[in-house]
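Hi,

Here is the structure I promised to pass on. Have a look at it first, then read my notes below.

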Amino acid sequence: TQVLSKDQVLGGLTLKICNSALFSGKIKIETLRDAVLLLGEAILMESVITAAVKNYFNQAGNLGYSLCRGGLFFHAVGSAETAKAIAGITGKADPHKAYTAGLLHDIGKVVLDQYIARICPVFFRGVNHNEKTSLATEQAVLGTTHCKAGELLAEKWQFSTPLKQVVRHHHDPETCTAHRELVSMVYLANLIMSRFNTGLVLERVSTSSLDAALESLNLDVSDLPELIDAIPLTIFNAQAKKSEQETTTNARHQ
C-alpha cells in the first residue's frame, strides 16, 4: 500500500477495480488500506495486476479482436478467474499464479489488434466462414500469431519462465517444454471462455489439445461440466453493468 500510494494513477485504477463487480461491488472501498483489510493481500495484488494490465488492453480498439467495447479485457479477466478456479479444483498450481497467467495469456493480441482492425472482414471471414482457427488465420493474413508476438513481448518485459510458456503455448499446451500443467489450465480456461462466454472476442480455439490438457491435469471429459461452472458470474455482471452505463451515457448525449 505504501508503494501504491506513491503512484496516483495505478493506485486510483486499483481502487476502481476493487470497487467494480469483478472483485467486490458490494462494499465501498475508499483507501488502499481498506482494500487490504477487506479483500486480503492476495486479492489486492490481483487487483493491482488487473488494473495495470487494463491500461494495455485499453489501447486495443473495438474493430479488431474485440466484438464489444472492452471485449479483450473482459475475456482476459474471465480466463484469469476460470484458470484460478481450475487451479483450485485440480491443486496442480497456485491459484493466484494461475490468475496472473490467465490474465496475461493474450497480451500479444494488444500488439496485433491494430493490424487486425485494418483487415477485420478478412479475419472474420477466415475464422467464421472458413472455420479456421484464430492462429491459422493470423498466420495466413499477418505472417505471425498473437502467441509469437506475445512471446517477444514477454521476453522484452522479462516475464518469468512459466508466464512465457503460457503466452507462447496456451493454444497448444502439449508442445511446451515446461510448466505444462499451468499452460494446460490456461488453455482450458481460454477454450471454455471462447465457447461459453461468446460475444467478447473474435476467436476460434482448436479442441485438438483438449485430451492432452485434461490428461496433464489428471482430468477427463466427465470433469468438463465442473470446469465450465468455474466461469465467474462476475464477468457477466461487470459486462452488463458496463453496457448499461454506456447506454445511459449515450442516451444523455442524444
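Let's begin with a crossing: α6 and α12 cross in a right-handed way, meaning that the near helix is turned clockwise from the far one by less than a right angle. Helices here are DSSP runs of H or I with at least four residues, strands are E runs of at least two, and both are numbered from the N terminus.

Before going on, a word on the source: this is a predicted model, where local features need pLDDT of at least 70, side-chain atom pairs count only at pLDDT 80 or more, and totals for chains, interfaces and linings use all residues. Residues are numbered from 1 along each chain as its sequence is written, and side-chain values use heavy atoms, with hydrogens and water left out.

Back to the pair. Helix α6 covers residues 95-104 and helix α12 covers residues 180-196; they pack at about 55 degrees, with axes 10 Å apart. (Axes are lines fitted to C-alpha atoms, for helices over the stretch in contact, and angles run from 0 to 180 degrees between N-to-C directions.) That makes the two helices oblique to each other; under 35 degrees would be roughly parallel, over 145 roughly antiparallel, and 65 to 115 roughly perpendicular, with the rest oblique. On the α6 side the contact (heavy atoms within 4.5 Å) uses K97, A98, A101 and G102, and on the α12 side L182, M185 and V186.

α6 also packs against helix α4 (residues 41-57), at about 10 degrees and with axes 11 Å apart, so α4 and α6 are roughly parallel. From α4 come A42, E46, I49, T50, V53 and F57, and these meet H96, Y99, T100, L103 and L104 of α6. This contact has 7 nonpolar, 3 polar and 1 charged residues. Nonpolar covers Ala, Val, Leu, Ile, Met, Phe, Trp, Tyr, Cys and Pro; charged covers Asp, Glu, Lys and Arg; the others, Gly among them, are polar.

Now pick out I116, in helix α7 (residues 107-118). Is I116 buried or exposed? Buried, with a relative accessible area of 0%; the cut-off for buried is under 20%, for exposed over 50%, and partly exposed lies in between (1.4 Å probe, protein chains only). Leaving out residues up to four places away in sequence, I116 touches L63, G64, Y65, F123 and L142.

As for the whole chain, there are 15 helices and 0 strands, and 47% of its 254 residues are buried.

Cheers
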